[in-house]
Amino acid sequence: MLVCHCYAVNEAVIRECIARGARDEDDVAAACGAGSCCGSCMPTIWRLLGEGAEDGWPCQASARVVQSR
Ligand code: FES
């Protein structure tokens, strides 16, 4: 599912950013651009970040997300 239309970022990319250590919307934006333009995708990004929390996020990993696009 396409989440961020401004940067054509899909849900899988955002999940990967979170899995690699993105802890908030700023980390996600730095990693893939999602959420850094109009902001209309932020509720979905926050939901995905919240799902990570339910899975044990934030984890101990401190590695920064590498640009994946
Ligand atoms: S849709 Fe994501 S910043 Fe505009």
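Buried means under 20% relative accessible area, exposed over 50%, and partly exposed in between, with a 1.4 Å probe and protein chains only. At 10% relative accessibility, Gly-33 therefore counts as buried.

The model is predicted, so that local features need pLDDT of at least 70 and side-chain atom pairs count only at pLDDT 80 or more, while totals for chains, interfaces and linings use all residues. Residues are numbered from 1 along each chain as its sequence is written, and side-chain values use heavy atoms, with hydrogens and water left out.

**Overall fold**

Three helices and two strands make up the secondary structure of the protein, and from the N terminus on they follow the order β-β-α-α-α; helices (H or I, at least four residues) and strands (E, at least two) are DSSP runs, numbered from the N terminus. Of the 69 residues, 33% count as buried. Where a contact means heavy atoms within 4.5 Å, residues 24 or more positions apart account for 64% of the contacts with a separation of 6 or more.

**The loop at Gly-33**

Gly-33 lies in the loop between α2 (25-32) and α3 (42-54). Leaving aside residues up to four places away in sequence, Gly-33 touches Tyr-7 and Val-28. Gly-33 and Val-9, 24 residues apart in sequence, are 7.9 Å apart in space, C-alpha to C-alpha.

| Pair | Distance, N to O |
|---|---|
| Arg-15 and Glu-11 | 2.7 Å |
| Glu-51 and Arg-15 | 3.0 Å |
| Glu-16 and Arg-20 | 2.5 Å |

The pair of Glu-51 in helix α3 and Arg-15 in helix α1 links distant parts of the chain, 36 residues apart. Because Arg-15 and Glu-11 are four residues apart in helix α1, about one helical turn separates them. Glu-11, Arg-15, Arg-47 and Glu-51 are linked in a network of salt bridges.

Glu-11, found in helix α1 (residues 11-19), touches Met-1, Val-3, Arg-47 and Leu-48, not counting residues up to four places away in sequence. In the pair of Glu-16 and Arg-20, Glu-16 is partly exposed at 34% relative accessibility, and Arg-20 is partly exposed at 40%.

Terms used
Salt bridge = Lys/Arg side-chain N within 4 Å of Asp/Glu carboxyl O.
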